[in-house]
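Dear colleague,

Please find the structure below, together with a short account of what was found in it.

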Amino acid sequence: MCGIVGYLGQKNSKEILLGGLKELEYRGYDSAGIAVLQDGKFESFKAIGKLINLEEKTKNFVTDKFSIGIGHTRWATHGKPTELNAHPHIGSESYVVHNGIIENYAALKTELLKDGITFLSQTDTEVIVHQFEKNLKITKSSFEAFKKTISQLEGAYAILLVTKGKEKTIFFAKNGSPMLVGVNAENEKYFASSDTPLIGHCTDVNYFEDGDYGYVTPDELAIFSKDGKKQEPKFTKLSTNKLSAQKDGFRFFMEKEIYEQVDVIADTLLGRLHDNEVLFDELDPTLFEGINEIKLCACGTSYHSALTATYLFERYSKIKTSIEVASEFRYRSPIMSKDTLFVVISQSGETADTLETLKMAKAAGLKTLVICNVDNSSMVRLADACILTRAGVEKGVASTKAFATQVTVFWMLSLYLAKKNKALSNEEIARQITLLREVPASVKVSDDMHERIKRLSKRYLHGHGFFFIGRDVFYPLALEGALKLKEISYLHAEGYPSGEMKHGPIALADPELFTIALLPQHLLYDKAKSNVEELSARDSTICAISAVEFDKADDFIAINKCKDYMLEFFEMMVAVQVLSLEISVRLGNDVDMPRNLAKSVTVE
Ligand code: F6R
């Protein structure tokens with residue numbers, strides 16, 4: 001996801017900003033830029049692609065005296081990865097960099113356009129700098145103008161802003177997106193969206209709280225909280241280990257990514273939920289004209305999220321939906337009709353089999369849509385339309401947050417289509433939108449749950465196999481739980497529909513067969529419970545995951561009580577992810593780089 005850096009001091013600011021951005025490269029980006037104010041003059045440079053392109057552009061730019069500067073690596077969300085859309089964004093005499101999403105940017109932009117402001121980019125960020133300059137004309141004080149601007153923004157942000165009249169000041173604000181400031185004995189100030197760029201430069205750092213805003217000068221670090229009260233900085237010592245800083249203190253990237261789901265799902269939802277409708281600005285409404293059927297195609301984890309979508313699309317959107325594993329679809333001479341919307345799902349956007357099916361659908365003249373995490377990837381460039389999942393870079397080979405954000409997009413898309421097809425009442429759509437807003441909270445990993453799973457994982461290290469079982473959308477979740485476990489524990493695991501066990505697999509049941517039973521309270525509870533009882537009666541070892549106590553289980557992982565089965569889905573998703581992680585840790589495996597696997601499968 002996007003990265004932010006800022007610097008105020010005597011040293012070579014160009015090198016410091018570029019060095020800082022390099023430290024954020026691991027988060028992924030598609031363009032980058034810097035703006036430096038030195039000797040009363042701004043210089044700004046932007047480049048798409050890797051940082052080397054920005055380095056090339058800045059090679060003759062010298063920063064050898066006091067200056068202030070801001071920099072950014074962008075992961076496209078609003079608008080394509082182009083130079084114009086790259087940050088910093090310019091007003092007439094100010095520059096801004098921003099992480100997050102300004103939800104009310106469209107309303108602000110409409111007003112600014114009426115004032116005759118010209119916009120250069122398609123981003124939400126650009127409104128910030130123009131709104132600041134508009135406010136500056138009225139308030140005549142840059143701090144007051146900045147403060148007012150922040151109060152007018154809705155959404156998530158980490159912002160740095162510099163302006164010509166204030167050559168020794170960087171303004172900052174944070175709400176929902178991470179940012180910290182570092183200081184040292186040389187009166188320098190460093191900003192970044194995570195620790196790594198500051199390591200080696202600063203001794204003490206202050207992590208901003210949501211709602212904080214303020215400014216820095218060589219002699220001052222002024223922080224104000226949401227209610228306008230001035231705060232003392234809360235300095236902590238900075239870690240010196242870069243790899244552990246990249247992992248935010250977690251043992252593995254996979255663990256960090258499981259915990260991060262709270263934030264990335266919030267990003268997935270941002271700007272897309274309204275009172276009783278879901279909006280995807282990126283979709284042309286004509287995309288669904290003449291469409292009577294949806295065909296989903298993907299591999300691995302993405303296939304599992306898509307399988308979840310088949311239930312949601314038919315249940316909520318009342319549209320016929322089918323799904324195929326991409327590697328099968330490619331070679332079985334499928335019949336493709338033009339009233340079918342062909343949807344591919346991919347974290348990377350590069351998976352060879354999925355990409356090939358997209359090409360086949362295009363060649364057959366079908367309309368195509370990709371649900372993807374990486375903008376500008378091959379699939380995004382090829383498909384007619386794209387919805388980005390906004391999960392940020394996923395480093396753990398075993399996919400977690402990509403799956404979570406894909407399912408979130410599918411739930412939203414099912415409501416978007418339900419509205420279009422008048423398949424659900426406005427009240428029901430509004431009710432489900434309220435539930436969607438609760439998804440980030442439902443994926444929060446509680447210390448209790450993590451500790452409990454860590455303890456019980458020791459009982460699940462041997463035996464002759466695992467069955468993850470569930471019904472309806474909990475069947476794809478069972479498949480995903482089993483895939484996670486086999487990828488990183490190397491133990492044999494299968495996902496199965498609960499009701500199918502008696503048609504064969506139940507023959508395997510004995511105490512060494514571990515059944516991980518997904519028992520949602522709000523969907524087919526009694527049916528699923530009977531299936532688990534059948535296994536329990538045959539002495540299979542049962543670990544039930546549910547909000548309802550289940551006395552036939554040997555082990556029980558309690559999830560929070562939820563209002564709806566979809567929230568139970570997300571709660572259980574976290575439980576199965578953490579269970580796989582802890583079993584793998586106990587077995588001493590390389591959690592982030594499991595044997596035989598690659599993150600992006602670009603070969604057949
Ligand atoms: C599992 C996993 C793989 C991928 C699959 C498709 O944890 O990561 O199963 O889901 O290779 O990859 P994408 O989604 O990039 O097309």
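How much space lies in the largest pocket? The answer is about 1,200 Å³. Here a pocket is an open set of points on a 1 Å grid over the protein atoms alone, where a 1.4 Å probe fits, with protein on both sides within 12 Å along at least five of seven lines; lining residues have an atom within 4 Å of a point. Grid points are joined across faces, edges and corners, and the volume is the space filled by probe spheres set on the points.

This is a predicted model, in which local features need pLDDT of at least 70 and side-chain atom pairs count only at pLDDT 80 or more, while totals for chains, interfaces and linings use all residues. Residues are numbered from 1 along each chain as its sequence is written, and side-chain values use heavy atoms, with hydrogens and water left out.

The lining of the largest pocket comprises 47 residues, and nearest its centre lie Gly176, Pro178, Asp263, Val264 and Asp267. Helix 8 gives the largest share, six residues. Helices (H or I, at least four residues) and strands (E, at least two) are DSSP runs, numbered from the N terminus.

Helix 18 covers residues 525-537. Its buried residues (under 20% relative accessible area, 1.4 Å probe, protein chains only) are Tyr525, Ala528, Asn531, Val532, Leu535 and Ser536. They fall within an arc of 145° seen down the helix axis, so they line one face of helix 18; the arc is that of the directions from the axis to the C-beta atoms. The face turned away carries Asp526, Lys527 and Ala537, which are exposed (over 50%). Just after helix 18, aspartate 539 takes a positive phi of about 70°.

Yours sincerely

How values were computed:
The expected span of a helix is 1.5 Å times one less than its number of residues.
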